[in-house]
Amino acid sequence: MKIINLILTITSLLYTGCRMGPTTYEVFERQNNARIGGVVFPAMRDKEAIYDEDYYIYPIERPKGCIWGYLVKRNDEKKTIVGWKIISGEDYCKEQQAYTLIQ
């Protein structure tokens, strides 16, 4: 039983990792910039809203109080992320660096 608990603990650390360091806007920005060029997750597609005449936005509240969203061109069927924009709560848009062994 102790071996199973050890394996489960190690596995959870491999996949979820840990967060270390200060909570800053720069980490928040770097993590969001890393998603540019990727596609919108299927679970997010029902949250699509019109941002302007050229873009859709997919709003997200993470961390709590910070509302932002991924921008996607309206004529793009693949839903490729071309940028992101903070909608409200800019003071709350801060995260810690996350470290994982498996990505």
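## Basis

The model is predicted: local features need pLDDT of at least 70 and side-chain atom pairs count only at pLDDT 80 or more, while totals for chains, interfaces and linings use all residues. Residues are numbered from 1 along each chain as its sequence is written, and side-chain values use heavy atoms, with hydrogens and water left out.

## The disulfide

The whole structure holds one disulfide (a pair of cysteine sulfur atoms within 2.5 Å). Cys66 and Cys93 form this link, with their sulfur atoms 1.9 Å apart. The link is right-handed, with 90 degrees about the S-S bond. Strands here are DSSP runs of E, at least two residues, numbered from the N terminus.

## The nonpolar core

A nonpolar core is a set of buried Ala, Val, Leu, Ile, Met, Phe, Trp, Tyr and Cys residues joined through side-chain atoms within 4.5 Å. The largest one has 13 residues, of which Phe28, Val40, Met44, Tyr58, Trp68 and Tyr70 touch the most other members. Strands β3 (55-61), β4 (67-73) and β5 (81-88) each supply at least two residues of this core.

## Glu95

Glu95 is in strand β6 (residues 95-99) and is buried, at 9% relative accessible area. Its side chain makes a polar contact with the side chain of Arg62 (3.3 Å). A polar contact is a pair of N or O atoms within 3.5 Å; within protein, one must be able to donate a hydrogen and the other to accept it, and residues adjacent in sequence count only if both atoms are side-chain atoms.

Notes:
Helix = DSSP H or I, 4+ residues; strand = E, 2+ residues; numbered from the N terminus. Buried < 20%, exposed > 50% of the residue type's maximum accessible area, 1.4 Å probe, protein only.
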